[in-house]
Amino acid sequence: MTEAPQPIQGGAESAAAEYVLGLLPASERVAFEAALSGDAILQQDVVTWAEYFATLTDPIPEVAPPPQVLRRIEVQIFGAKRAPWWRQVLPYLVGAVAAAGIAWLTLTSGLLTAPASDLRAALTAQEGDLVLRARFSSASSTLTLTPEAEGVPPDNPLQLWLIAGADAPPVSLGLLPPSDGTTLTLPPLLAESLPGAMLAVSTAPDGATTAAPVGPFRATGQLTPVETN
Amino acid sequence: MTLQDEIDAMIAGVAMGDRTAFRQLYDRTASKLFGICLHIADDPGLAEDALEEVFQTVWAKAGLYRANGTTPMTWLITLTRDAALDRRQDEPPSDEAETNGQSAPWDPAVRGQGRAEAELLAACLQELPPERAVMLRRAYLEGVRYAQLADEAGMPEIGMRTVMRRNLAQLRDCLSQ
């Protein structure tokens with residue numbers, strides 16, 4: 001069943017409501033999400049609709065779940081064994097928000113080996129000429145990114161991601177402002193997951209970081225050890 | 001500290017792998033969220049599955065929720081709604097309409113700061129034709145789509161969408177005042 005190609009009424013505002021309600025047809029949903037990634041006002045619209053529509057659940061009576069539900073959840077997420085020591089001390093080591101990604105990353109990648117050597121990567125685009133050189137210094141735990149070729153377009157900030165393995169979701173490392181180069185200092189636990197990992201950059205809508213990459217990656221590259229003599 | 005702040009702090013604790021915070025968050029919100037699961041999935045076993053998925057997601061992604069931009073309770077409710085809708089079995093539409101037009105007391109106790117929004121939305125929904133307000137609730141709470149709404153109303157899907165979009169624009173104007 002095809003829908004009218006043009007917005008019928010209310011334009012993007014109605015589309016945001018339809019999106020939150022799940023009424024947007026699948027074909028338009030993709031286009032809407034693409035538009036959403038670059039439009040802070042539309043993002044705010046979606047958040048506002050989500051807040052309002054969530055109140056539709058207010059009249060639903062509370063029901064205590066059976067006790068076995070919590071037991072099953074805890075077994076699934078904590079496992080039967082005690083937490084590894086680093087999981088217990090982690091809250092005291094690193095900042096709150098960053099810790100989530102790191103703890104999770106470390107948990108899933110199982111990497112706790114210190115990077116013995118410096119690392120480097122060339123992030124190259126599937127198409128176009130975006131090329132970034134990445135270099136990680138283990139001594140200072142800093143990751144430096146330098147654009148090559150045409151460099152990063154000035155009005156187009158990028159967000160840098162770490163992908164620790166095939167099944168690992170990207171973890172945001174931060175924004176790359178349009179400049180000659182950017183140096184990021186990585187917390188130890190994050191630095192430890194670098195060897196063998198992929199680096200990737202996505203377009204950062206409005207220069208703001210997002211929880212998940214928006215759109216396809218602009219460029220990707222694998223970190224490999226720098227040969228030391 | 002408001003309830004929203006408390007839940008916010010619990011989620012921050014969960015983000016750091018704090019199991020006590022996780023248990024507190026569960027104790028504080030599970031009944032509300034399980035009620036939603038039961039209402040939407042309409043089956044105790046499926047509702048339990050949905051709730052398990054929600055709290056697994058919370059444990060895995062608590063550190064990311066701020067990027068989502070919503071208040072913590074809305075984040076949890078949205079996760080719950082999506083998980084429960086995924087499990088909801090399609091039912092004959094005739095059973096649905098009766099139960100959803102009814103008015104129930106607005107009791108946003110767990111949502112805390114959401115009270116003003118709940119009252120404003122309720123007031124603005126009253127300005128819509130009553131059957132449209134019901135449709136809108138059913139879209140959110142039952143996952144019905146335009147095709148089904150159009151079918152029930154005996155009108156073409158595109159026509160249903162046109163009027164619904166007009167009503168959504170009207171709703172937005174009312175909420176923005």
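Analyst: Helices (H or I, at least four residues) and strands (E, at least two) are DSSP runs, numbered from the N terminus. In these terms, chain A has 7 helices and 9 strands, whereas chain B has 10 helices and 0 strands. This is a predicted model, in which local features need a pLDDT of at least 70, side-chain atom pairs count only at pLDDT 80 or more, and totals for chains, interfaces and linings use all residues. Residues are numbered from 1 along each chain as its sequence is written, while chains are lettered from A and ligands numbered from 1 in the order in which they are written.

The predictor gives the complex an ipTM of 0.88 and a pTM of 0.59. For chain B the average pLDDT, the predictor's confidence in each residue on a scale from 0 to 100, is 85, and 85% of the residues score at least 70. Over residues 92–113 of chain B, however, the pLDDT is below 50; this stretch has 38 contacts in the model beyond near neighbours in sequence. Two residues are in contact if their C-beta atoms, placed from the backbone, lie within 7 Å.

Helix α2(B) covers residues 19–41 and helix α3(B) residues 44–61; their axes come within 9 Å and cross at roughly 140°. Such axes are lines fitted to C-alpha atoms, for helices over the stretch in contact, with angles from 0 to 180 degrees between N-to-C directions. The two helices are therefore oblique to each other, given that angles under 35 degrees count as roughly parallel, over 145 as roughly antiparallel, 65 to 115 as roughly perpendicular and the rest as oblique.

On the side of α2(B), the contact is made by Phe22(B), Tyr26(B), Ala30(B), Leu33(B), Phe34(B), Cys37(B), Leu38(B) and Ala41(B); α3(B) contributes Pro44(B), Leu46(B), Ala47(B), Ala50(B), Leu51(B), Val54(B), Phe55(B) and Trp59(B). By class, this contact has 16 nonpolar, no polar and no charged residues. Here Ala, Val, Leu, Ile, Met, Phe, Trp, Tyr, Cys and Pro count as nonpolar, Asp, Glu, Lys and Arg as charged, and the others, Gly among them, as polar.

Cys37(B) counts as buried because it has 32 C-beta neighbours inside 10 Å; the cut-offs are 20 or more other C-beta atoms within 10 Å for buried, 12 or fewer for exposed, and anything in between for partly exposed, with C-beta atoms placed from the backbone. Leaving aside residues up to four places away in sequence, Cys37(B) touches Ala47(B), Ala50(B), Leu51(B), Thr80(B) and Ala84(B). Leu141(B) is 104 residues from Cys37(B) in sequence, yet their C-alpha atoms are 9.9 Å apart in space.

The loop between α2 and α3 of chain B contains Asp42(B). The phi angle of Asp42(B) is near 65°, a positive value in a residue other than glycine. With 17 other C-beta atoms within 10 Å, Asp42(B) is partly exposed.

Chain B as a whole provides the setting for this pair. Of its 177 residues, 44% count as buried. Among contacts in chain B with a separation of 6 or more, 64% join residues 24 or more positions apart.
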